[in-house]
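Visitor: I have a model to go through. Can you walk me through it?

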Amino acid sequence: MIDIGENPNYRTYKSFNIRIPQKYVVHGIDVSYAQGKIDWQLVKTMEEDSVHISFAFIKATEGLLTVDPYFQRNWREAPKAGITCGAYHYFRPEKNGKWQARFFLQNVKWEKGDMPPVVDIEKLYGTSPEKMRVQLTDFLNYVQAKTHTQPIIYSGLSFYQDYLAGYFENYKLWIAQYNQPELNINAATNWAFWQHSEQARVNGINHVVDFDAFKGDSLAFRKILIP
């Protein structure tokens, strides 16, 4: 049921406890240690008015030394429940980009049907934008050379517009902007995923979780997966 007075293209789903943009058909979440131990079977079976979780981005690593303590469990259990998975690395631009890429690849083994590798870049951490872009380029080049798959770049909308726009146009993007009926970004931008909420409630997860939409239909989604 559409709540009276709501935008019909951006309506509340009471079971997920958030509003969800209506034009998207492929939905997912992203998780890390912050969500604790997840019951992925419950995640997979949750549904309201055809909205269900098809994919999950899972935090794997950060910087040069940190492995997410729940990564291996999530990476093993989510696919068993029938959820398409991707792994992401939280990038620290003050540290060597190639070394971070090597660390990421040491901890993640991708298989056919997984989503491409993701790098999460959100802050400068005292690094100049120019230096950040150099380190990020080194990371991206190394991951692509070793996996033969072009990575996806995740960032918040403002960080992307301030520091990344115009430099990484060939990469698919996963952009965060919350509580909007539509992603407020240039239509020509090469975005594929939109993290549109950080407050979703999902069965099997005892903490709020980010909710994401894929830009295309299910056929387009399958085309971006690792062949």
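Visitor: Fine. What are the ground rules?

Guide: This is a predicted model, in which local features need pLDDT of at least 70, side-chain atom pairs count only at pLDDT 80 or more, and totals for chains, interfaces and linings use all residues. Residues are numbered from 1 along each chain as its sequence is written, and side-chain values use heavy atoms, with hydrogens and water left out.

Visitor: How do helix 4 and helix 5 cross?

Guide: The axes of helix 4 (residues 129-147) and helix 5 (residues 157-164) come within 10 Å and cross at roughly 100°. Helices here are DSSP runs of H or I with at least four residues, strands are runs of E with at least two, and both are numbered from the N terminus. Axes are lines fitted to C-alpha atoms, for helices over the stretch in contact, with angles from 0 to 180 degrees between N-to-C directions.

Visitor: Which class of angle is that for helix 4 and helix 5?

Guide: Helix 4 and helix 5 are roughly perpendicular. The classes are roughly parallel under 35 degrees, roughly antiparallel over 145, roughly perpendicular from 65 to 115, and oblique for the rest.

Visitor: Which residues make the contact?

Guide: Helix 4 brings P129, M132, R133 and L136, and helix 5 brings F159, Y163 and L164. Contact means heavy atoms within 4.5 Å. By type, the residues of this contact are six nonpolar, no polar and one charged. For that count, Ala, Val, Leu, Ile, Met, Phe, Trp, Tyr, Cys and Pro are nonpolar, Asp, Glu, Lys and Arg are charged, and the others, Gly among them, are polar.

Visitor: Next, H27. Buried or exposed?

Guide: H27 is buried, at 3% relative accessible area. Buried means under 20%, exposed over 50%, and partly exposed in between, using a 1.4 Å probe and protein chains only. H27 sits in strand 3 (residues 27-31).

Visitor: What does H27 touch?

Guide: Not counting residues up to four places away in sequence, H27 touches I20, P21, V51, H52, I53, S54, F55, F211 and D212. A polar atom of the H27 side chain also lies 3.1 Å from the backbone oxygen of Y24. A polar contact is a pair of N or O atoms within 3.5 Å; within protein, one must be able to donate a hydrogen and the other to accept it, and residues adjacent in sequence count only if both atoms are side-chain atoms.

Visitor: Aromatics now. How many pairs?

Guide: There are 20 aromatic pairs in the structure. Rings of Phe, Tyr and Trp (its six-membered ring) pair if their centres lie within 6.5 Å; planes under 30 degrees apart are stacked, over 60 edge-to-face, and the rest tilted. F104 and W110 form an edge-to-face pair, 5.3 Å centre to centre with 85° between the planes, and both residues are buried.

Visitor: And why is the pair of Y154 and W174 edge-to-face?

Guide: The planes of Y154 and W174 are at 65°, so the pair is edge-to-face, with ring centres 4.5 Å apart. This pair links distant parts of the chain, from Y154 in strand 9 (residues 152-156) to W174 in strand 10 (residues 173-176), 20 residues apart. Both Y154 and W174 are buried.

Visitor: Which residues form the aromatic cluster?

Guide: F55, F57, Y88, Y154, W174, F193, F214 and F221 form one cluster.

Visitor: Back to helices. Which residues of helix 3 are buried?

Guide: In helix 3 (residues 97-107), the buried residues are G97, Q100, A101, F103, F104, L105 and N107. Their cover includes strand 5 (51-62), helix 2 (71-80), strand 7 (84-90) and helix 4. At the start of helix 3, a side-chain oxygen of N96 comes within 3.0 Å of the backbone nitrogen of K98.

Visitor: Where is D49 found, and what is its phi?

Guide: D49 is in the loop between strand 4 (47-48) and strand 5. Its phi is near 50°, a positive value in a residue other than glycine. D49 is partly exposed, at 45% relative accessibility.

Visitor: Last one: what is T66 in contact with?

Guide: Leaving aside neighbours within four places in sequence, T66 is in contact with A60, T61 and F103. T66 is in strand 6 and is partly exposed, with a relative accessible area of 41%.
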